[in-house]
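Subject: Model for your files, with notes on salt bridges

Hello,

Here is the structure I promised to pass on. My notes follow below it.

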Amino acid sequence: MKKKLLPLLLFFIVQTSIAQEFMFQLNFTDAVGNKDSLLIGYDINATDTVDAGFGEINIISTPLDTAFDVRISSVYNTVSGWSPTSNNFQLKKQIVKNNGICDFNTLVIDVFAKHWPITATWNSVLFNDTCLEGSVFTSVHPGGWWDIGSTSNLYRSELALYSSVTFSSNNDGNLSSPFPTYNGGAYLNTNNDTISVFWLKLGDSTILNTAVNQLVLDNNFSTYPNPANEVLNISVAKELDLTNAEISLVDISGRTILSQPINSAETMINISHLPSGVYFSTLRLNNETALFKKIMITN
């Protein structure tokens, strides 16, 4: 009798889940053949946390596989202090919100592996779409500064152009205990396991065209106070050409939160309406040079 009830139960679960607008499978294989996979997609009714209606299950309390485990995770954002949350999650499937403008929340992917390198594979045909042609799997956070590099040899792999990539760990060895410890592309979990961090960003081709062409010197571009709450002051060197200059604030998911022209060496921006968190102020000049500063907003 139990064997007959199981198919009926599975049928009921499938029927009560919501069908998402888009989804694909991202497969991983380590150097000795261990395998794991993730399901990733978007839908207008989804959120960027855990949606039971889309079949998402928080497995953060489930121990890692002893050799190889890949998870979509919010832990790194809390560890790094970029976007702390008291409700961390780890998932094998996540459907993010479709906000209707070909821009989706950035997914953090945790990789625990004892046998590097890792190979990731996917169906590139699925990304031959205007809203998805810029989608990337990367070892550099896709927030507008592609040329800062990373420890891993992955850099970025465009999902529409390739169907696989083999990559190394994103840990430079500068880790310590106890948890949490932040180190760019890796962290230690509560069991002192080293977790390499990578990112996956769905979106159009504008994602790929946001490189930082020039590093910032303090006497060229500065923001204050930092942390800031009500107002952020922008100061730029007087010798900079501000013709068609624009200042933007980008959040940790890579979304431009606000943008306004700048035509003087001193500018003040109202940030009282923005939630607390880490942001990047980006100054784009007429010659397409992008200067950026990391700021903390505490509203």
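With which residue does Arg 71 form a salt bridge? The partner is Asp 69, and the closest N and O atoms lie 3.2 Å apart. A salt bridge here is a side-chain nitrogen of Lys or Arg within 4 Å of a carboxyl oxygen of Asp or Glu.

This is a predicted model, in which local features need pLDDT of at least 70 and side-chain atom pairs count only at pLDDT 80 or more, while totals for chains, interfaces and linings use all residues. Residues are numbered from 1 along each chain as its sequence is written, and side-chain values use heavy atoms, with hydrogens and water left out.

By the salt-bridge rule, the count is 4.

Asp 69 also meets Lys 92 in a salt bridge, at 3.1 Å from N to O. This pair joins distant parts of the chain, 23 residues apart: Asp 69 sits in strand E3 (residues 68-73), and Lys 92 in the loop between strand E4 (90-91) and strand E5 (93-97). Strands are DSSP runs of at least two residues, numbered from the N terminus.

Asp 69 is buried, with a relative accessible area of 7%, and Arg 71 is buried as well. Lys 92 is partly exposed at 26%. Buried means under 20% relative accessible area, exposed over 50%, and partly exposed in between (1.4 Å probe, protein chains only).

Salt bridges link Asp 36, Asp 69, Arg 71 and Lys 92 in a network.

Glu 158 forms a salt bridge with Arg 156, with the closest N and O atoms 3.7 Å apart. Glu 158 counts as buried at 16% relative accessibility, whereas Arg 156 is partly exposed at 21%.

Regards

Methods
Helices (H or I, at least four residues) and strands (E, at least two) are DSSP runs, numbered from the N terminus.
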